[in-house]
Amino acid sequence: ISDQKPLGCWSVKHGQILTCPVVCNFETHEYIAVHDDKVLRIWKDEDINLDKAFKATLSADVYRIHSLPQGGPVVLFRGGGVRTLDVLLEAPQQEIENIISGEAIRWSGAFMEGQQPVLIFTTEKDGDFFVYIQKPKLSSLHRYKLEQQESAKPLCFTAHITNQTVTLLCLYSNDSVYHVLVPLQQDTEEEEEEEKEEILSKSLLLNLSVSGAVLKGTSLVVLDKDHVGVLGSLAAPGKKPTECLTIWNTKFQTLQTSKELPLGTSGQLWCYEEKFFLIHGKVLTVILYKCETSSLAAAVGKLKNSQTPDVSLFLNWNTLEDEELVVSFQSQESLALKAESRMNLRSRRSTVAGEQPAPLSVGQLLINYKNASAYVFENELKKVMARAPTPDLQATIGSVVTALTDRCKGNPKYYPTNFLQQIVENHELSYSLCPDLMAVALEKKDMPLLQMCLERFPDIPEEVTYTCLKAFLSISEAQLQSLDVNVDSVICYIDVELDDKDVKTEIVENGFSSEMDQDMCDTKIPEEMGFTRSRGESCPVGLQKAALLNAVLHSAYTETFLLPHLKNLPAQQAILFLRYLYYLYVKCSEKVNTTLPGIRSPTINQIMDWMCLLLDAQFTVMVMLPEAKELLSNLHKFVRAQVRFYSELNKIEGSLRELQRLNHLRESQTYSIEVLEII
């Protein structure tokens, strides 16, 4: 997710429909899908064509597949039957019993209880709701009826198992969350003979209202034993409803934190390994969360602090508004600040002279030094970064960078370029931890800082990458001469012209330079190969600009998101960039291992990918421009010559392999010269 690159993509044939979510088998690292209700597909990462993957046609319609880390995949059929995947694959056409009659499944979940998988699902029929609990390996099934609620019905369910007890949480249409406790029963023969439908009573767990505002929930997830996450629409009297994500303390029935989602959501919320997943606008948003131990002081303190403007600074929600993919926040940090300040106050009353007070937290320190001089402000931030490493060190450094960029935006004359570069160079940051940093650097035209960010940040949005590319191409060579750009990625191979003299740096390959090779062999490389070795050939951009462009080539991207931006690149800049890519392509092809020397030099794959991407985005424009005609022609000839060259290599591949095999078989201890004729 941080790299924003698709790792794999598989499609069904035209007319086929995936009818339940695809899951991963944790034990075999395989994907499992069902299309057209009954057709099971299983494949691995390296499989390219889904149509050639393993296929099994089942005898009944599948509702959902659940995958458990230790229990393997469990298949739930629309008729209520349950099978483990192993049992199902032994006989795909085995008869599946129809447990539910006239009922429709509304929700299902799978859990592990000891070594046994447990599957729970709810159904609805004529306004009545039923709960089924199955242990497929033990052929155990229990059915319960949910207590009816007048003028309200369940909207969604979630559950967890603790101490042999199922806790079923139900979000109802009356803006309340109820919980139902169901003990996991041990089957006996008497129970099987005289099984009666048991009615489950529910208890009110939480009212989704605060300060007169009511949350119309659409999705509910369990975070831990005392916290739940609810996605919904918050309706306050006299105000327009707004969608938001909220965290509630169920133990004390308080709202812990909330965040508006102005771009709208799909109404679905997922939770996995302390991360929220939701669709915000048109992007997948991932939010890290951390729930600390619940206490009355925490619940009340958090509720009070939620009305304090300064506290919101430490809930790093703001990047959601920029449609970022990753947002980290600590839901309890403001509580910690308030509790810590009270503890410090009590401790100061009782401490003896000479004792040092506890160090201020990052949030309190940023508030205290918000209006301090630049020198004092930076010194205090350096002290924060110099503290002993903690598990949340990255978040702390991100808060420091955010504080610096906020100060830059508030004071246009303030810009600590050296301090910012030092932080980025010495700490492993990401774009999501300091989303305003690159925007400020672009505004200040801080090219060295942008270069560092592009080389180090794994999650830069494509729009920002494009903006950096445009800025690098538009800045003049004269301006770049005065900037301290790192040229380690280009200094070993680039050819540039300075003062009408060629300054060429060429790496000698296997003890022979190109000139020596031509003199000895007395041959000429065909013109169409593109290896023009006239003294007029040089890199189309200067040393500093080439290093900046290399940083862009290293940044991660998704083609679908980057292509629309590249179409807006001005024609002259697009031609200049393509000329540089062509230059790199030729340079790579000169070497036997197609690898450019230097630190963080672009690879042949990166060069080719960007060249194809740029041609896809700008091909129509380039075809129409006379100045691009020669460039496209040379590129076409060079690629055609390389295709022919590799085609010839393929023809003798078999002979070369046979030669290698003969050399392995022969163990000659004396010097010899052999002539082998390749026919």
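A quick definition before we start: two rings of Phe, Tyr or Trp (for Trp, its six-membered ring) count as a pair if their centres lie within 6.5 Å. By that rule, this structure holds 13 aromatic pairs. Keep in mind that you're looking at a predicted model.

**Stop one.** Select Trp 10 and Tyr 31. Their rings make a tilted pair, with 5.3 Å from centre to centre and 45° between the planes. Trp 10 sits in the segment before strand E1 (18-25), while Tyr 31 belongs to strand E2 (residues 30-35), so this pair ties together parts that are 21 residues apart in sequence. How accessible is Trp 10? Its relative accessibility is 23%, so Trp 10 counts as partly exposed. Tyr 31 is partly exposed too, with a relative accessible area of 23%.

**Stop two.** Ring pairs join Trp 10, Tyr 31 and Trp 43 into a cluster.

**Stop three.** Jump to Trp 107 and Phe 157. Are these two buried or exposed? Both Trp 107 and Phe 157 are buried. Their ring centres are 6.4 Å apart and the planes meet at 35°, so this pair is tilted. Trp 107 is in strand E8 (residues 104-113) and Phe 157 in strand E12 (residues 154-162), so the two lie in distant parts of the chain, 50 residues apart.

**Last stop.** Time for some arginines. Pick Arg 64 and Tyr 63: Arg 64 lies over the face of Tyr 63, 5.1 Å from the ring centre. Then try Arg 143, which lies over the face of Phe 130 at 4.1 Å from the ring centre.

Terms used: Residues numbered from 1 in each chain as written. Predicted model: local features only at pLDDT ≥ 70, side-chain atom pairs only at ≥ 80, totals over all residues. Heavy atoms only, no water. Phe/Tyr/Trp six-rings, centres within 6.5 Å; stacked < 30°, edge-to-face > 60°. Helix = DSSP H or I, 4+ residues; strand = E, 2+ residues; numbered from the N terminus. Buried < 20%, exposed > 50% of the residue type's maximum accessible area, 1.4 Å probe, protein only. Lys NZ or Arg CZ within 6 Å of the ring centre and 35° of its normal.
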